[in-house]
Amino acid sequence: MKLLITRHGQAEDNVAGITMGQHDSALTPLGVEQAHNKALALKRLPYKIDCIYASDLGRCMQTAKIISDKLGSIEIIPDKRLREIGFGKNEGLPYDAIPKVEGGYMQKRFPGGESNEIMATRTIDAINYIYDASSKLCVLIVTHSGPISAILASYHNRDLREMLNEKINNEDIVKLQINNRLAYPAYKKEN
């Protein structure tokens with residue numbers, strides 16, 4: 001499966017420094033422009049996108065719709081497993097207001113939310129479902145930075161914790177060739 005992955009365009013809460021997670025925020029004018037630019041870049045690729053899977057959150061669906069419209073109304077399939085990590089009680093707070101937890105949030109859940117391990121597991125479950133359904137197709141995924149890090153950690157057999165620190169920006173398009181189901185990403189456990 002040819003897998004293309006992109007992050008939603010810039011959202012209002014990104015600019016304001018607000019933790020979104022599964023809380024939603026509309027795209028900024030720059031975010032809309034980024035989605036249009038990604039569509040133009042995708043249009044120049046030497047292969048045709050067969051379908052788009054997107055996180056069901058508005059910022060991803062809005063980005064996917066802009067891309068779909070520019071590419072000729074490609075089917076968009078919303079999938080809640082592609083959502084950003086659930087920050088629980090921390091959603092809507094400024095980034096610097098999120099409390100630090102000894103050992104981090106890799107296995108420990110955010111209060112009322114998820115851990116990075118839970119987010120990564122559901123993301124890879126979604127990718128494997130998409131692979132099983134679309135192994136001969138070219139698929140675009142529109143999602144968030146956390147799930148993209150999980151996919152890349154699995155694909156490149158890298159530490160999930162390290163990949164979460166190497167976020168892709170709102171303009172990037174990642175191109176992968178998936179020939180098998182992906183394994184859950186590994187991470188170094190804290191001592």
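Leaving aside neighbours within four places in sequence, with which residues is lysine 188 in contact? In this predicted model, the partners of lysine 188 are Asp159, Arg161 and Glu162. Lysine 188 lies in the segment after strand 5.

**Lysine 188**

- Lysine 188 has a relative accessibility of 53%, so it counts as exposed, the cut-off for that class being over 50%.
- Between lysine 188 and aspartate 13 there are 31 Å in space, C-alpha to C-alpha, and the two are 175 residues apart in sequence.

**Nonpolar cores**

- The largest nonpolar core comprises 35 residues, and Leu3, Val139, Ile141, Leu160 and Leu176 have the most contacts inside it.
- At least two residues of this core are supplied by each of strand 1, strand 2 (51-54), helix 4 (116-134), strand 4, helix 5 (145-155), helix 6 (160-164) and strand 5.
- Helix 4 gives the largest share of this core, namely seven residues.
- Leucine 160, when its neighbours within four places in sequence are left aside, is in contact with Met106, Asn116, Ala120, Ser149, Ala150, Ala153, Pro185, Ala186 and Tyr187.
- In soluble globular proteins, nonpolar side chains tend to be buried together.

**Helix 4 and helix 5**

- The axes of helix 4 and helix 5 are 9 Å apart, and the two helices pack at an angle of about 70 degrees.
- Helix 4 is therefore roughly perpendicular to helix 5, a class that covers angles of 65 to 115 degrees.
- On the helix 4 side, Met119, Ala120, Thr123, Ile124 and Ile127 take part; they meet Gly146, Pro147, Ala150, Ile151 and Ser154 of helix 5.
- Serine 134 also belongs to helix 4; its relative accessibility is 3%, so serine 134 counts as buried.
- Beyond its neighbours within four places in sequence, serine 134 is in contact with Met1, Tyr53 and Val139.

**Helix 2**

- The 15 residues of helix 2 (residues 29-43) should span 21 Å at 1.5 Å a residue, and the end C-alpha atoms agree with this because they are 21 Å apart.
- Gly31, Gln34, Ala35, Lys38, Ala39 and Leu42 are the buried residues named in helix 2.
- These residues cover an arc of only 140 degrees around the axis, so they lie on the same side of helix 2.
- Pro29 and Lys43, on the other side of helix 2, are exposed.
- Strand 1 (2-7), helix 3 (58-71), strand 4 (138-143) and strand 5 (173-177) are the elements against which the buried residues of helix 2 pack.

**Helix 3**

- Helix 3, with 14 residues, reaches 20 Å from its first C-alpha to its last, close to the 20 Å expected at 1.5 Å a residue.
- Arg59, Cys60, Thr63, Ala64, Ile66, Ile67 and Ser68 are the buried residues of helix 3.
- The buried residues of helix 3 pack against strand 1, helix 2, strand 2, strand 3 (76-78) and strand 4.

How values were computed:
Residues are numbered from 1 along each chain as its sequence is written. This is a predicted model: local features need pLDDT of at least 70, side-chain atom pairs count only at pLDDT 80 or more; totals for chains, interfaces and linings use all residues. Side-chain values use heavy atoms; hydrogens and water are left out. Helices (H or I, at least four residues) and strands (E, at least two) are DSSP runs, numbered from the N terminus. The expected span of a helix is 1.5 Å times one less than its number of residues. Buried means under 20% relative accessible area, exposed over 50%, partly exposed in between (1.4 Å probe, protein chains only). The arc is that of the directions from the helix axis to the C-beta atoms. Contact means heavy atoms within 4.5 Å. A nonpolar core is a set of buried Ala, Val, Leu, Ile, Met, Phe, Trp, Tyr and Cys residues joined through side-chain atoms within 4.5 Å. Axes are lines fitted to C-alpha atoms, for helices over the stretch in contact, and angles run from 0 to 180 degrees between N-to-C directions. Angles under 35 degrees count as roughly parallel, over 145 as roughly antiparallel, 65 to 115 as roughly perpendicular and the rest as oblique.
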